[in-house]
Amino acid sequence: MARPASPTADDILALLDASGAMTLRVVPGARIEKAAIENGALKLWTRTAPEDGKATRAVLAQLAALLDLSVRRIELVSGATSREKRVRILADA
């Protein structure tokens, strides 16, 4: 059985609210890295273990790659130590 395709950048950007923020649900320590939209939030699986913020940094990098953005344009709003995070996409400088 084939794995479903990752959401496109347009699918992900459609999740942004008026302030440019969205909810992420994170699964650290996963076997494979993947992304899906579930219940109105982007769910990201990362192989990185949740130690000292490593999984958070990995997920931000994964999101940046999905959106073809620099990781500097993604701001962690809340949830640094939680599996549920809020991030904001910053406008071009």
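Modeller: The largest pocket has a volume of about 160 Å³, the space filled by probe spheres set on grid points joined across faces, edges and corners. A pocket here is an open set of points on a 1 Å grid where a 1.4 Å probe fits, with protein on both sides within 12 Å along at least five of seven lines. The model is predicted, and its local features need pLDDT of at least 70, with side-chain atom pairs counted only at 80 or more. Residues are numbered from 1 along each chain, and side-chain values use heavy atoms.

The part to examine closely is strand β3, residues 41-45. Strands are DSSP runs of E, at least two residues long, numbered from the N terminus; two of them pair if DSSP finds at least two bridges between them. The open sheet has five strands in the order β2-β3-β1-β5-β4, with mixed pairing. Its edge strands, β2 (34-38) and β4 (74-78), each pair on one side only.

On one side, β3 runs parallel to β1 (residues 21-27) over four bridges. Lys43 of β3 is the bridge partner of Arg25, while Trp45 of β3 stands opposite Val27. With β2, β3 pairs in the antiparallel sense over five bridges, and Leu44 of β3 is the bridge partner of Ala35. The hairpin of β2 and β3 has two residues between the strands, and Asn39 in this hairpin takes a positive phi near 50°.

Finally, β3 is mostly covered, with four of its five residues buried (under 20% relative accessible area, 1.4 Å probe, protein chains only).

Notes: 1 Å grid on protein atoms, 1.4 Å probe; cavity = no way out; pocket = protein on both sides within 12 Å on 5 of 7 lines; lining within 4 Å. Buried < 20%, exposed > 50% of the residue type's maximum accessible area, 1.4 Å probe, protein only.
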